[in-house]
Amino acid sequence: MATVLARLFLFTWLILPFCGTEKVRQRALRQRDAEYIERCTGRDMGSQNCTRNRTEASQPFHYNGCMQGPAGTPGRDGNPGANGIPGTPGFPGRDGLKGEKGECVRESFEEPWKPNFKQCAWKSLNYGIDLGKIAECTFTKMRTDSALRVVFSGSLRLKCKNACCQRWYFTFNGAECTGPLPIEAIIYLDQGSPEFNSTINIHRTSSVEGLCEGIHAGLVDVAVWVGICSDYPRGDASTGWNSVSRVIIEELPK
């Protein structure tokens, strides 16, 4: 019995120091591996402090005296992450190419037609001339593409012993109308039969009227004249005796 106890005591004395030494060595290895893993991750893999010697690199890790097992299978993909914060707006784009020149369209609006007329009147002209201007009236024409309507109203008379003819007509700025033709009126008196007294003196209210085109816009001098008929002698003419005479001018659209 004493021999068995002696052997057990001797075995315990020899084994206990060895186990203590092994535990200390394993603890030192684990501490050194932890320091290596903590120091040599990411961008520090190639630094000098992260380089093991060949002996250390070839030795497997041991924990509590056991060899490290093989690596496990890769894990599954994780769930998609949440959307990130919206980015800042980009820089404005460059100007585009210059476009083609467009067409200029002008809209024309015609003004509504406004009445434009004038009247000049004389009381008892009693103008006994046979050739020349009788009366004049100035008018402002608003448009070039319009026409003028003119009217003379007054008493006219022609007297002669033989056949005679007189002509009353309008002028515009000193010229007779050419658009389309002159505006005129005539009185012709013949001797007649022997029993007819050709020296009779009759004054009658008459009118001279017409339209004239082609007159430019602006001031227009409208005048009434008396003259002779072609190929006939003149007589004794009278205009505006003992009554009112008038000239009416009106601008009309075409």
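Good morning. C120 and C137 are both buried, where buried stands for under 20% relative accessible area, exposed for over 50% and partly exposed for values in between, with a 1.4 Å probe and protein chains only. The structure is a predicted model, in which local features need pLDDT of at least 70, side-chain atom pairs count only at pLDDT 80 or more, and totals for chains, interfaces and linings use all residues. Residues are numbered from 1 along each chain as its sequence is written, and side-chain values use heavy atoms, without hydrogens and water.

My topic is the disulfides, that is, pairs of cysteine sulfur atoms within 2.5 Å.

C120 and C137 are joined by a disulfide, with 1.9 Å from S to S. This pair links distant parts of the chain, 17 residues apart: C120 belongs to strand 3 (residues 116-123) and C137 to strand 4 (residues 132-141). Strands here are DSSP runs of E with at least two residues, helices are runs of H or I with at least four, and both are numbered from the N terminus. The link of C120 and C137 is right-handed, with 55 degrees about the S-S bond.

Next, the sulfur atoms of C160 and C164 lie 2.0 Å apart in a disulfide. Its torsion about the S-S bond is about -80 degrees, so this disulfide is left-handed. Both C160 and C164 are buried.

Finally, which residue forms a disulfide with C165? The partner is C229, with the sulfur atoms 1.9 Å apart. C165 counts as buried at 3% relative accessibility, and C229 is buried with a relative accessible area of 9%. Thank you.
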